[in-house]
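Below is a short report for a reader meeting this structure for the first time.

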Amino acid sequence: MTNADAPPSLKQATLDALGYVCEEISPEDLEQDQVNAVLTAVVQGMNYVENSSDVCLAAVKALCNALDFAETNFQNELERNYIMKVVCETAMCKEADIRKAAFECLVSIASIYYDLLEPYMQTLFELTANAARVDEEPVALQAVEFWSTICDEEIARQEDSQEFGAVSSSCHFHFVEKAVSLLVPMLLETLMKQEEDQDQDDGIWNISMAGGTCLGLVARAVKDAIVPLVMPFIEGNITKPDWRSREAATFAFGSILEGPSMKKLTPLVHAGFDFLLNATKDQNSHVRDTTAWTLSRIFEFVHLPITGFSVVTNANLPRIIEILLTSIKDSPNVSEKICGALYFLAQGYEDAGSMSSVLTPFLGEIISALLATADRSDSSNSRLCASAYETLNEIVRCSHISETLNMTVQLLQEILKRLNQTFEIPIASSDDKEKQSDLQALLCGVVQVILQKFSSCHEKSAILHFADQMMVLFLRVFSCNSSNVHEEAMLAIGALAYATGPEFVKYMPEFYKYLEMGLQNFGAYQVCCVSVGVVGDICHALDNKVLPYCDGIMSALLKDLSSSELHRSVKPPILSCIGDIALTIGENFEKYVPYTMPMLQGAAELCFRMDVPDDDSIEYRNELSRSVFEAYSGILQGFKNSKSELMMPYAGNIFQFVELFLKDKSSVDECVTKAGVAMVGDLADALGPNIKLLFKESNFHSELLGQFCQSDDEQLRETASWVQGVITRVLVS
């Protein structure tokens, strides 16, 4: 790149190679002088006066890939100023593909170096506003994406601030709030640039959609301040004869429903709700499509009966249902969004107790409409079928079962009939096979939800009546070679085991081989994870009757734990599952102790050894720690009444682990803390006077338990108080 005589093709190839290398390696793989050399070469290549457009484009793309490495350079004001100057100049060059790449670079800079952007925001606003208004669509899309990224950053920082208060270390410059009076008009302009057939193509992404998405993020970032900026646009366009104006106004209204307070939104929604219901009959399909989406957003955000805030009343509910069930017969894209509206309408009553009874008179019609929608042959879009069944699931979850028992039983019969019919679908291609598997997965999902609903109200007779038929169908589903359907069928079987209790034992001889296959399925790790959960359901259902299968199950679980192939996310649930098994079979767990305890000690050590550079790593460490506590608790409780002495050799290590963890103030996950505190109680309860010395030699438990007894979390307070009592009994024994 420093050779003036190098041909453009060599420079382009060099920059392409640098870009690919930066994309594949990690920042720690390069020394700072190497980073400096890369950036120098890239910035030289971005000089479009001296280089060809191909070289310049390759350089911009390489810079985008190298940004993660440039932290030291961005912290240096002179270097940062120069990099930003070059990128901004490149964003104004005459070639559209280079401008697009430059804006992509700015999007990445906004995400990685938000804290350093303040001196450049005036320039960046002017650049992005101009591009969004007048540039070619690929460039305009990236200009809008810049502001969506700024919004994402600021929303995340607001949420951190709310969660951690003054502890939050992230700065918040309120860029969106400062620019909102200019930013919102720019975004509203983009809403008018719809494409004629955009409602027919699921994969389409254009400037209108990008603008509406960004407007929604702005609403979440600035909350109530968005409303007076958007309402004049809505009021001025919602009744215009031009469909683009009506659609844009409706899109704007739907976009700002998440963010502003209920107090601000409720009067606006009440004022426009009747108009929107009527707009479901608009002559233009784009308007009907966006209206259906906006109604679903209204039901999601402004329909909370339990709080007293809801646009839905006993008076208008019949008309709402009538309109939704008429519109669900519209074109497939509209129908899918109406499914969403019904979903959120029902969800509003999920935790509302007897208030859900208001839906009961309409459930028969709704269920029939959803089943008919799932069967529609005029849609090549599989999402419509999935939306119909997912909405059906929510209807079942939110129904008042004492009033809908017979209807739910009839629905179960219908779903089982449909599941049986899937085996008759002719399979002539891989697409046919995929459609069959997807449909089976959706139907197994509905059966699972119905079983959970029956279990929650102890309606066992209906379950037992259909149990044999369900199990036969589920086992037939396992013969289909698809991890997606295996996962859903396994979840449904877990729900069946939980619901039928000890009676499930008769299915174990035939089911066990599929369970074992699921536990060994490293490739489709989600299936493995679900299979682990089903083991817990079976333990709960069968109690000691699970013993004949424990050798095989424990062998599979221990192999899973020691495997480097299995996705790490499955390992915490396996540890918790081992605790469930130990608790279920009690003293019979003895033969597994020599194999299990080293695994648990290794997992405990890993909790303190592992690097936690990001939120995902912290979350995984917390999950792993909690699962270790839960496993220890299960084993200790299982041995409590006999053979508790088996745990004495491990007591010191267990105590040390929980002491180190609970003292670690960087862990803020209350679920992990509760599990750790409970495990201290189980340790004291199971081993009693045998570990009096451990508690006497350490005062951490008295200090920490005293703090936990003052916690705002009621469950943690109660657990800590119980543990204090157990330890006191041990110390005075």
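How are α29 and α30 oriented to each other, roughly parallel or roughly antiparallel? The model discussed here is a predicted one. Helix α29 covers residues 648-663 and helix α30 covers residues 670-687; their axes come within 10 Å and cross at roughly 150 degrees. Angles over 145 degrees count as roughly antiparallel, and α29 and α30 are therefore roughly antiparallel to each other. The crossing in which α29 passes α30 is left-handed.

On the α29 side, the residues that meet α30 are Met 648, Ala 651, Ile 654, Phe 655, Val 658, Phe 661 and Leu 662. On the α30 side, the contact includes Val 672, Thr 673, Gly 676 and Val 677, as well as Met 679, Val 680, Leu 683 and Leu 687. Sorted by class, this contact of α29 with α30 holds 13 nonpolar residues, two polar ones and no charged ones.

**Two further helix pairs**

Helix α14 (residues 285-301) and helix α16 (residues 332-347) have axes that come within 8 Å and cross at roughly 15 degrees. That angle makes α14 roughly parallel to α16. α14 passes α16 in a left-handed crossing. From α14, the contact is made by Ser 285, Arg 288, Asp 289, Ala 292, Trp 293, Leu 295, Ser 296, Phe 299 and Glu 300. Their counterparts in α16 are Asn 333, Val 334, Lys 337, Ile 338, Gly 340, Ala 341, Phe 344 and Leu 345. The contact of α14 with α16 divides into nine nonpolar, four polar and four charged residues.

Helix α32 (residues 700-708) and helix α33 (residues 714-732) also form a pair, with axes that come within 8 Å and cross at roughly 145 degrees. The crossing of α32 and α33 is left-handed. His 701, Leu 705, Gly 706 and Phe 708 of α32 make the contact with Leu 716, Arg 717, Ala 720, Val 723, Gln 724 and Ile 727 of α33. By class, the contact of α32 with α33 has six nonpolar residues, three polar and one charged.

Helix α25 (residues 550-562) has 13 residues, which at 1.5 Å a residue should span 18 Å; the end C-alpha atoms of α25 are 18 Å apart, which agrees. The buried residues in α25 are Cys 550, Ile 553, Met 554, Ala 556, Leu 557, Leu 558, Asp 560 and Leu 561. An α-helix has 3.6 residues a turn, so residues three or four places apart point the same way. The cover over the buried residues of α25 includes α23 (508-519), α24 (525-542), α26 (571-585) and α27 (593-609).

Helix α5 (residues 77-90) has 14 residues and reaches 20 Å from its first C-alpha to its last, close to the 20 Å expected at 1.5 Å a residue. In α5, the buried residues are Arg 80, Ile 83, Met 84, Val 86, Val 87, Cys 88 and Thr 90. These buried residues of α5 pack against α2 (32-45), α3 (53-66), α4 (71-75), α6 (96-112) and α7 (121-134).

**Individual residues**

The table gives the accessibility of some residues.

| Residue | Relative accessibility | Class |
|---|---|---|
| Glu 394 | 2% | buried |
| Ser 455 | 18% | buried |
| Glu 403 | 38% | partly exposed |
| His 174 | 34% | partly exposed |
| Lys 223 | 34% | partly exposed |

Glu 394 is in helix α18 (residues 382-398). Leaving aside neighbours within four places in sequence, Glu 394 is in contact with Tyr 343, Ala 346, Gln 347 and Glu 350. Ser 455 belongs to helix α20 (residues 430-456). Beyond residues up to four places away in sequence, Ser 455 touches Ile 463, Tyr 498 and Ala 499.

Glu 403 has its place in helix α19 (residues 401-421). Not counting residues up to four places away in sequence, Glu 403 touches Ser 357 and Thr 360. Between Glu 403 and Gly 211 there are 192 residues of separation in sequence and 45 Å in space, C-alpha to C-alpha.

Where are His 174 and Lys 223 found? His 174 lies in the loop between α8 (137-164) and α9 (175-190), and its phi is near 55 degrees, a positive value in a residue other than glycine. Lys 223 is in the loop between α10 (207-222) and α11 (227-237). Phi of Lys 223 is near 60 degrees, a positive value in a residue other than glycine.

Conventions
Residues are numbered from 1 along each chain as its sequence is written. This is a predicted model: local features need pLDDT of at least 70, side-chain atom pairs count only at pLDDT 80 or more; totals for chains, interfaces and linings use all residues. Side-chain values use heavy atoms; hydrogens and water are left out. Axes are lines fitted to C-alpha atoms, for helices over the stretch in contact, and angles run from 0 to 180 degrees between N-to-C directions. Helices (H or I, at least four residues) and strands (E, at least two) are DSSP runs, numbered from the N terminus. Angles under 35 degrees count as roughly parallel, over 145 as roughly antiparallel, 65 to 115 as roughly perpendicular and the rest as oblique. A crossing is left-handed if the near helix is turned anticlockwise from the far one by less than a right angle, and right-handed if clockwise. Contact means heavy atoms within 4.5 Å. Ala, Val, Leu, Ile, Met, Phe, Trp, Tyr, Cys and Pro count as nonpolar, Asp, Glu, Lys and Arg as charged, and the others, Gly among them, as polar. The expected span of a helix is 1.5 Å times one less than its number of residues. Buried means under 20% relative accessible area, exposed over 50%, partly exposed in between (1.4 Å probe, protein chains only).
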